[in-house]
Amino acid sequence: MAKYILKRIALAIVTIWAVITITFVLMHSVPGNPFATENRKIPDNIMENLMKKYGLDKPKGEQYLMYLKNIARFDFGESMKQDSETVNQIIARGFPVSARLGIQAILIALIFGPALGAIAALYQNKAPDYISMIISIIGVSVPSFVLGSFSIQFIASKIDWIPIGGWGEFRHTLLPSIALALMPLAQFARLMRSSMLEVLGQDYIKTAKSKGISRFAVIMKHAIRNAILPIVSILGTTISNLVAGSFVIEKIFGIPGLGQFFTTSVFNRDYTLIMGVTVFYAIVLISMMLLVDIAYTLIDPRIRLTKEGH
Amino acid sequence: MSKKILKLISIFLLLAVLFTGCSSPATQEEPQETAEEPGASTGKKILRTNNSSEPGSLDPPLAQGTHESWILENCFEGLMTFDENGNLVEGMAESYEVSEDGLTYTFKLRDDITWSNGDPVTAHDFEYAWKRALDPETAANYASILYYIKGAEAYNTGQGSREDVGVKALDDKTLEVTLETPTAFFLELTAFYTYFPVNKNVVESNPDWAKDPSTYVCNGPFMLVEWKHNDQIILEKNPNYYNAHKIKLDGIDLDILEDENTAWQKYLGGEYDILVDIPTSVVNQLKQENNPELEIGLMVGTYYYNVNPAIKPFNNVKVRKALSMAMDRETIVEKITMGGEIAAGGVVPPGLKDEKGEDFREAVGNLIEYNPEEAKRLFEEGLAEEGMTVEDFNSQGFVLLYNTSESHRKIAQAVQEMWRTTLGIEIVLENVEFQVKLDREQSGDYHISRAGWIGDFMDPMTFLDLWWSDSAFNDVNYNNPEYDALIRKAKSTNDQNERMAAMKEAERMLMEDMPVIPVYFYTQPYTVKPNVTGVFKVPVRYPTITYADITD
């Protein structure tokens with residue numbers, strides 16, 4: 001196990017290096033720079049001063065090496081657009097906010113999604129199945145900005161206790177968490193339904209039934225446990241997506257999270273911030289994947305980590 | 001069995017919590033501003049509004065847009081300022097003298113002016129602030145607005161020295177400024193945020209002073225007390241401000257909320273007293289209802305199309321004029337943009353005054369005509385002069401380039417249709433990100449491109465300067481020696497009669513040559529609750545809330 005984890009960490013470092021390199025090349029090959037503004041251009045000589053201030057006048061190779069050196073010390077540098085904070089500060093401030101929303105959303109999704117899917121499978125082609133699948137189709141197909149705007153217009157502005165956007169207390173997190181949760185909830189429900197149907201047709205379920213175990217026990221002990229595996233396998237990506245924050249939800253609800261920076265940093269060509277959030281996200285994603293793989297062995301004894309790779 | 005699932009889920013949650021750095025966001029004990037009635041519980045008058053975007057920096061020379069200047073204008077004051085009636089008056093300066101040749105300005109500072117930390121504001125602070133803004137290492141985005149000062153451009157571009165910049169504190173209360181050329185609008189410039197002073201001692205001892213409210217020192221009506229990034233900015237009345245009796249508010253709370261629709265819901269819900277960036281659909285609806293809360297403020301900005309003269313047949317003036325004449329601007333502003341914009345009658349927007357105090361736009365008159373028949377005739381004539389037919393034109397696949405945005409797209413589609421029906425031509429639309437558009441404009445890789453310009457000061461020169469042949473912003477490479485001569489003439493004197501005459505002539509000439517096709521003049525719609533008074537808009541600024549008052 002320890003050997004396996006070490007190997008995975010080594011692999012993760014290589015992956016992150018690749019992410020850095022590809023991002024660096026891509027972002028520097030797009031036209032534009034961090035200092036351009038839409039309706040007022042900047043004279044060339046002032047642009048030169050700005051380039052010099054942020055070291056962008058140096059050869060690209062030198063910039064790249066400098067960057068690698070700084071990242072090795074977890075120093076993501078200065079944001080080129082936001083003078084008041086470093087990239088590290090922006091991440092340190094934004095991530096807890098996004099992560100809190102993300103965790104609340106994943107909790108909602110994990111509580112309701114698999115349950116909905118399991119119910120749908122158990123009552124296949126009956127009313128509960130249709131109802132839960134309608135809910136999940138809505139969840140998958142309604143974009144979060146529609147859902148967000150809708151909930152502000154029809155819920156937040158009608159109920160005093162629920163604020164219209166902003167950040168601070170639990171009540172501020174309620175609507176955005178739900179809006180964020182709906183998509184993974186629906187995904188989980190659909191996955192759960194299909195894998196549950198498959199599992200229910202397996203021989204061991206029949207065996208269990210024939211042994212005279214109650215229907216409830218069969219479902220809880222044998223069916224759900226096996227049917228939930230596909231959900232576990234996508235959990236890593238889902239969690240990293242959710243905790244990294246959503247541009248749309250954060251914008252609509254005015255939440256000071258990290259998610260917005262994935263998009264705005266690119267629009268702004270804020271090179272250091274692009275790199276910072278990308279590398280950070282890569283780290284979160286890779287760690288989550290590793291955790292999922294480890295977790296897999298805990299619920300499914302058929303999988304053994306040590307045998308992998310041979 | 002499900003013990004293991006439980007175990008699994010708890011591992012995940014545990015790790016997820018660990019990842020968040022164990023920090024439930026440090027906002028537990030926020031003052032509940034959402035529930036706060038204006039001045040109800042505390043008896044304080046707090047104006048609540050939205051600043052739309054996170055300021056990049058609140059250090060005056062590093063500011064570059066309204067999301068910064070709106071806060072700076074409430075926290076700082078220049079030598080001159082705008083008073084509660086929107087007039088340009090002495091601010092930090094008590095009086096000023098201008099030399100006969102218009103090149104030397106001597107400002108006497110007031111006696112009772114102090115920084116928010118109690119230090120007196122001195123002429124040395126101004127000298128230091130302006131030179132700091134010009135220092136190439138500061139890399140001030142807006143340094144070019146200081147180039148009217150002698151030696152400023154040379155220092156900023158690394159050609160000259162700091163000592164040679166024409167600003168000097170003769171003593172604590174006297175500031176002498178030498179200009180490069182007579183600049184009639186220089187006094188107004190001293191009210192601009194790049195000209196704001198900074199506290200020399202504070203800035204020298206702490207370069208990061210502007211990053212944290214606890215070290216933030218300013219000299220204006222309000223002070224920065226809290227800055228929650230991407231969330232909220234809180235200003236409080238500055239008791240040390242010499243004109244504090246004119247300031248009715250105890251403070252200003254500004255949210256940083258990007259989404260216009262959400263902000264509008266908050267305004268509707270009574271959480272804002274004034275709101276500036278309003279969704280277009282709402283503006284249109286309020287306009288139709290004649291809602292008294294809606295104000296449509298003038299703005300010094302023009303929306304126009306660049307026509308690339310290096311490409312045949314756009315080199316032909318008749319073709320360019322035909323394109324302009326075939327454009328029904330009234331329809332564009334009334335049916336498409338719908339934010340109260342004004343159909344362009346030239347390049348200089350309304351709101352700027354000429355030598356008699358009349359509106360420059362009105363004095364020059366409308367230089368743009370909508371005339372489909374004449375457009376068609378001119379277009380065919382122009383094409384013939386270039387040896388082309390409409391078929392030739394259409395086979396070229398000319399492109400109208402705009403930066404991706406819903407409103408630019410709608411306008412471009414309307415224009416495409418107007419040109420199609422009037423001139424029988426097919427223009428292809430292409431949208432790119434604005435940075436890509438800038439890049440292509442600079443390298444001449446476009447046929448027609450959307451552009452906009454927001455002026456910096458209230459003189460027609462802020463627009464006419466764009467198209468003189470040396471201008472860094474002259475993307476269409478307009479080069480007309482006669483035009484240059486008029487601009488040079490207007491720049492060489494402080495005599496408003498001469499300047500204005502030259503500029504009026506220049507604008508007529510520009511619209512005769514039509515290197516750019518103006519579409520409309522920007523406006524700034526904003527809404528103010530009925531119990532809020534004293535909000536007004538100077539065209540060159542965001543709505544002024546400094547002198548606002550809240551009544552019950």
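Predicted model: local features only at pLDDT ≥ 70, side-chain atom pairs only at ≥ 80, totals over all residues.
Residues are numbered from 1 along each chain as its sequence is written, and chains are lettered from A and ligands numbered from 1 in the order in which they are written.

**Overall form of chain B**

- Along the principal axes, the C-alpha atoms of chain B fill a box of roughly 85 × 75 × 45 Å.
- The secondary structure of chain B consists of 18 helices and 19 strands, where helices (H or I, at least four residues) and strands (E, at least two) are DSSP runs numbered from the N terminus.
- Of the 552 residues in chain B, 48% are buried; a residue is buried if 20 or more other C-beta atoms lie within 10 Å of its own, exposed if 12 or fewer, and partly exposed in between, with C-beta atoms placed from the backbone.
- Among contacts in chain B between residues at least 6 apart in sequence, 67% join residues at least 24 apart, a contact being two residues whose C-beta atoms, placed from the backbone, lie within 7 Å.

**Domains of chain B**

- Chain B is divided into domain 1 (77–200) and domain 2 (301–521), with bounds that come from an automatic or database domain assignment.
- The centres of domain 1 and domain 2 of chain B, taken over C-alpha atoms, are separated by 34 Å, and the contact takes 9 residues from domain 1 of chain B and 10 residues from domain 2 of chain B.
- On the side of domain 1 of chain B that touches domain 2 of chain B, the residues divide into 6 nonpolar, 2 polar and 1 charged; Ala, Val, Leu, Ile, Met, Phe, Trp, Tyr, Cys and Pro count as nonpolar, Asp, Glu, Lys and Arg as charged, and the others, Gly among them, as polar.

- β6(B) pairs with strand β7 (residues 174–178) of chain B in the antiparallel sense over 4 bridges, and the bridge partner of Ala169(B) in β7(B) is Leu175(B).

**The mixed sheet**

- Another open sheet of chain B has 4 strands in the order β1-β10-β9-β8, and its pairing is mixed.
- Strands β1 (46–50) and β8 (222–228) of chain B are at the edges, each with a single partner strand, so one side of each is left without a neighbour in the sheet.
- The twist in this sheet averages 15° from one strand to the next.
- β8(B) and strand β9 (residues 232–237) of chain B pair in the antiparallel sense over 6 bridges, and Phe222(B) stands opposite Lys237(B) in β9(B).
- Helix α2 (residues 66–75) of chain B lies across β8, β9 and β10 (251–255) of chain B, running at about 140° to β8(B).

**Contact between the chains**

- The contact takes 62 residues from chain B and 58 residues from chain A.
- On the side of chain B that touches chain A, the elements giving two or more residues are α1 (2–19), α7 (260–268), α15 (434–442) and β16 (448–454) of chain B, and α1(B) gives the most, with 11 residues.
- The residues of this side of chain B divide into 23 nonpolar, 24 polar and 15 charged.

**Backbone details**

- A cis peptide bond with omega of about 0° joins Lys312(B) and Pro313(B), and Pro313(B) is in the loop between β12 (294–307) and α9 (317–325) of chain B.
- Phe74(A), in the loop between α3 (60–72) and α4 (87–122) of chain A, has a positive phi near 55° although it is a residue other than glycine, and Phe74(A) is exposed, with 10 other C-beta atoms within 10 Å.

Definitions and conventions:
Pairing = 2+ DSSP bridges. Axes fitted to C-alpha atoms, helices over the stretch in contact; angles between N-to-C directions.
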